[in-house]
Amino acid sequence: MKILAIRGKNLASLENEFEIDFTCEPLVSAGIFAITGHTGAGKSTLLDALCLALFDNTPRLKNASDRVTIVDVDDKTLYQNDSRNILRRGAVEGFAEVDFLAVTGDKIRARWYLARAYKKATGTLGQANLSLENLTQQNFFYGTKKEILSEISRLVGLSFEQFTRAVLLAQGDFATFLQANSTERADLLEKLTGTEIYARISAEIYHKTKNAKIEKEFVENNLKNIALLSAEEIENFTREKSEIEQTENQQGKLLEAIKEKIKWIVDKNLLNSNLDTAKSSLKTISTEIESAKQRQEYLAQSEKAQEIRDTFRKLQENSTQLAENTKTFELNKKDLSTQTQLLQTEIENLAEIEIQFEKIENFWKSKSSEISNAQELDNKIIEAKSLLSNLEKDFSQTKQRVDLAEKSLKEKQKRLETLQKEDFTADLETLVAEQNDYNALLTTEVKTLRERLLAGVPCPVCGSTEHPMQGIFTESLEEKTLTENKKRVAEKIKLLTEKIQSQKDEIITLQAQLLSESQNVTTLQNDSTTKKQQLEKQQSALAELTTQRSKLIGGDTVENFRNRYENKKKEISDKKDKSLKNKELIVKHQSELSGKISNIEKLIAKLESEISNLESEKKSWQTAQNGIFTDDKLTEIFQKSTQWLEKERIFLQTLQDKFTSANATLAERQKNFDEHFLKSSKPENETETQEYLVENQSDTDKKLAELSSQKTEITVKLQQNTENLKLSERYANELKIKQAIYEDWAKLDALLGSATGTKFKKIVQEYSLDYLLAYANLHLQTLTQRYELQRITDTLALQVVDKDMLNELRSVHSLSGGESFLVSLALALGLSSLSSNRMKIESLFIDEGFGSLDADTLRVAIDALENLQTQGRKIGVISHVAEMTERITTQICVTKAPNGKSKVLIKG
């Protein structure tokens, strides 16, 4: 895996878009390069861009809290460990992009992009988007964010944690490993090498063993708790069950005989009761037939009267119809007179409608000129309103620009006043005075002069060519303290000087911006005044047009005025159509009424003739019946419907049928009663009463129940014994399996298991540390031939072998600063090799804060890093140390600019 290029924009202090291309000169030819710049300039941000594009994460976020929040915009917050915090304040979007050579050999481009809503500085911060492009095959990988991150890890060949061990050695992470105690080293080793899984395996083995033992003991207890019958007990129970079954059979037959006798007595009582019921029913029906004799006579008269029924009904109907037609005749004559009057009214109404129609037509013609003028003014008003709307919009936008410009001007004036009030001159003078005091107390040049003395060369102080003090310098404790204080004050002076210069640069920038923006505000204000005047002029013109328009056609719209005219015209037309239709209906109705009156006169004459004939026929029939059927009698009979007649016939016939049925039922029941005494189930003597037999049945039932209970109890015991035999066999087989499983887990537990997981983890960590030290010693040989790292037996503690001191074993804490750095670097490179031993890593970035090293150690470190080029890796080192800048000519310089901005420049 090899990094080919890093790009980005608006990441922390890096505002402008930058690109670091390792495939172009001078970086392509450089085996080692330095990333330089002042503290806070943004050197580590370049490595953040690398990690963001590949993993949406950075090493600096690993220790940030996932619970503490910081304010973003508009009271919105982000968690400290959110990668989106890297977006520069005030920026609306930013990106990080990396080109790399994948383990597949393809050239890949990974991009991380972030933007605020609506591309506004106050917009809500959106989610980071990732994209992945195969530049070799010229295609994109599409998927969710999680799927893209997974694909990047596959192409890189490393997870984020492995990447920070193998490719990017973050500041301070690897140096702590050397100085850590055994517990801390175990935690670091577990974190860096990913051996935490073995602790989980150890704990899992312990718990698996414990669970296997519990399961085995559970099966053993179940097997012990199973009760089984002996062979003798089984034989006794079987014989006893057979005897009970024989007794049950005998008692069952006796019970059936008792039940038959009880049934005979019950049936006899029932037959006797049914016989009495049949006798009573026959007597009741006979009484009902006697009571219905009058109804029988009335039914006979009603059936006789049916001979004259049609004539009588026809006579009644004709009489009623004659009265109705006479009444209708009078009503129609009255209606005909009314219709004649209505016809005259409609004729007069039509004449009035014609007059109204002529008036509305004349009114519309008189308004035609006024309508034309109103339409012309309406068009002018529409154009004026459109122009006014544009002017209002333009004026509003200009006013907003004025407000924004004035606000920006006030903010810059306030910032300038704040900067001008800040005066660090007194602080600088105090530090310079303190530095002068230290210079007076300490001759800092003595050591430097002695180191530069050469044999035969005159001393620049005394001129002598002999130098007895050459290389001799003893530094007291007080001098050492003064030297450190002098360095501390010098660093403060440097930082304060840079701050003062940055302040001056910002003041100059603000003054220039204030002058430009002040002129811009004046221009915008003049423009706003002009547009306001144009707006007011257009408002007056629109008001004048509106006033003129309100005087035409009553201020109404042409469309509404025309609609009212058309509606009024239609209303009059509808009235005319309705009146004509009413006239036609009246004429038609008059014709119909005349026809009806003629028809009714003919019908009345016909009805009078029919009524006379029917009356003669009725009287002749009544005389033949000896005067029994008067008109009232016939009316009463004919008021009853044919359904009533049929119902009466059915009722009387039903009474007769019931009498016949009751006679037959009584004969049948008498026969059944007599035959019942001939059955064999009849009790043998009078002592076998129903009560006696029921008592015997109850006793027999109890005996059978007792026998059944005894048999069931024996059956359950035998069945339970059979089930227990099967269960015992199953538990015995299961116990063999559980015992074998437990023994296997117990062996693993004895070797590796522990409740906390420490046993297996310690073994694996010792092996991991041995492998790590093997890699580290290979790197250490190229850095220094003097030392070799060893692990103290049965611990995770480290010691060094000093080859220059006859392989003397030394504590790692006894190493000097430079030696500790070399050993720590070897350990870091060993960790890198341990994380990437299955693939080739051709890029390495080290962010280690070299400014904390003294001059000697720094030179050793630079020499060591230069020697690492022979391993085929391109090495990048972050530093702002001057000597490293001089030694490493190929540099990526991150330079500070005003307002917290930085820019990236590549030199070589």
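Is Asp802 buried or exposed? Select Asp802: this residue is buried, with a relative accessible area of 0%. Buried means under 20% relative accessible area, exposed over 50%, and partly exposed in between (1.4 Å probe, protein chains only).

This is a predicted model, where local features need pLDDT of at least 70 and side-chain atom pairs count only at pLDDT 80 or more, while totals for chains, interfaces and linings use all residues. Residues are numbered from 1 along each chain as its sequence is written, and side-chain values use heavy atoms, leaving out hydrogens and water.

The side chains of Asp802 and Arg786 form a salt bridge (2.9 Å, N to O). A salt bridge is a side-chain nitrogen of Lys or Arg within 4 Å of a carboxyl oxygen of Asp or Glu. Arg786 is partly exposed, at 26% relative accessibility.

Now select Arg810. Arg810 is buried, at 17% relative accessible area. Its side chain makes a polar contact with the side chain of Tyr787 (3.2 Å). A polar contact is a pair of N or O atoms within 3.5 Å; within protein, one must be able to donate a hydrogen and the other to accept it, and residues adjacent in sequence count only if both atoms are side-chain atoms.

Move to Lys570 and Asp574. They form a salt bridge, with the closest N and O atoms 3.1 Å apart. Asp574 is partly exposed, at 37% relative accessible area.

Finish with Glu713 and Lys717. Their side chains meet in a salt bridge (3.6 Å, N to O). Glu713 is partly exposed at 46% relative accessibility, and Lys717 is partly exposed at 35%.
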